[in-house]
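Hi everyone, thanks for coming. Today I'd like to walk you through one structure, so please have a look at it with me.

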Number of protein chains: 2
Amino acid sequence: MPLRVGCIGLGTMGTPMARNLAKAGFELALATKTAAKSKALASELSARAYDSPAELAKSCDVIVSCLPDSPEVEEVHLGPRGTIHGAARGTVVVDCSTIAAEAARSIAQRLAESGIGWLDAPVSGGQKGAIEGTLTFFVGGEEAALEKARPVLAALGKRITHLGAAGAGQLGKAVNQIIVAVNLAAVSEGLAFAQKAGLPMDSLHEALTAGAANSWALEVLGKKMMQRDFKPAFAIKHQQKDLAIVLRSAREKGVPLPAAALVHQLLSALEAQGRGEDGTQALLTLYEKMAEPRA
Amino acid sequence: MPLRVGCIGLGTMGTPMARNLAKAGFELALATKTAAKSKALASELSARAYDSPAELAKSCDVIVSCLPDSPEVEEVHLGPRGTIHGAARGTVVVDCSTIAAEAARSIAQRLAESGIGWLDAPVSGGQKGAIEGTLTFFVGGEEAALEKARPVLAALGKRITHLGAAGAGQLGKAVNQIIVAVNLAAVSEGLAFAQKAGLPMDSLHEALTAGAANSWALEVLGKKMMQRDFKPAFAIKHQQKDLAIVLRSAREKGVPLPAAALVHQLLSALEAQGRGEDGTQALLTLYEKMAEPRA
């Protein structure tokens, strides 16, 4: 019998993930804040829609949640209508949201008291990875929970890395976000300089990607900067949420992160300009704006 | 008849480049500050050694120089015993040193007055690229000079990108150095955090390189950090020389580079510790040191 899988949160990431789970043949249950959304997707995917996480949880072996931040994850799993009130012992919750490691650990513990398994499994790869089923999962939690949920994760991503107990997945994602954010500044500064220097951008980009300057950020975000495509694949406001978590966590651990903190501040200037919904590659425009002649 | 090629400067980069030119069948002439060095390499490569750039220049069609900084490049080409006093009209100087774009432009102009061609052709790819003949060249200068020197560059690298007139190659390299330096900080901060978080570094590195955090810096320097291999492929002191050039140039152009400037300052702490000869990946140790408990 196929695993019965529930999806809670049907946003940018959750929706394409639900589609891939349906495609993989899982018996699918959906719930999200806006009931109309889960009903529409349920009818598209021949899935069932539920009014609450608790109701959904009653008929699921594995529950995947993709939510904006810790308060939503706590509400969905531990709140009055949370999965904890419906899930049978042995059910596994896989939370793909990016939240603080401490929050993940504390939710895991509460669920464990009811015999419910937990994996924090934040992802890298963005909406594109979610659509194509090529996400990378940073996984924290118990081995047994991972083995039960592995077929579900395998339908969603191409790499599943178990990094330790509950919270370790979030810590791994934090490392990812530090590097992603600082690489973004690297490309923005490099290309802002290149523009002012009047260099031919396409040839330069080709030369840069062939050598020690290469990065995913240069290849993907650099290209978008050059095309002045600032549509969000990963929005500034989401990067900022993640960096805020990271910087708090780093302070607690006693790790100074001057470059990541700088990027957080630079992006906050773009938020102040009302550009929080833009893609992170819009950081380029801040460098341009900083150097505009005064009016 | 094969091109007669001269190599001036036989250090970390110049020596393997001379070897590749010999292998490619060019008639080779060598000169460097330490006469014993050029004599030894000349005998190994069946090349001729010369006492001065001017002497060498007399018998060369193309002259490749790989030198530490602007003063050396000026001395070698324009000084009392410089190539300008020996080279025939139509000779092409290919300077692979990383120097300021303005210095490149001014040397190019002086050489042009004597009918000598010029290319600034700083490289990316490091010693490894020099040994394997897989360098990337950022080229500035006239098309005709590039066409003459192209077979020489083709024997040394896998990518030759012409970015514009004299100086443009240096500007392209500056962009490369901005990105390389900031990517280095990205990896250092990420891995310093990961260590303190107690994550399994090998698994984490695999997961990170599969996604949006990936970069040459993460793959190559990150690996070395994890192995605590701080031997120089690219020494801190060289990165610092390049960043100093970049930051001066950026200020002149009116481009703020806060992240690159931060990395320059962080690396200056390592220089203060006497670690200027270490590889740039030693930046990781600064993060570790900053967070050491007080004695």
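This is a predicted model: local features need pLDDT of at least 70, side-chain atom pairs count only at pLDDT 80 or more; totals for chains, interfaces and linings use all residues.

Residues are numbered from 1 along each chain as its sequence is written, chains are lettered from A and ligands numbered from 1 in the order in which they are written, and side-chain values use heavy atoms, leaving out hydrogens and water.

In chain A, strands S8 (residues 135-141) and S9 (residues 157-164) run parallel, joined by six bridges. Strands here are DSSP runs of E, at least two residues, and helices are runs of H or I, at least four, numbered from the N terminus; two strands pair if DSSP finds at least two bridges between them. A:Leu135 sits opposite A:Gly157 of S9(A).

Now, how many residues of chain A are in contact with chain B? There are 59, and they touch 59 residues of chain B, with contact meaning heavy atoms within 4.5 Å. Two salt bridges are counted between these chains. One of them joins the side chains of A:Arg159 and B:Glu206, at 3.3 Å, N to O. The term means a side-chain nitrogen of Lys or Arg within 4 Å of a carboxyl oxygen of Asp or Glu.

And which helix gives the largest share of chain A's side? That is H8(A), with 20 residues.
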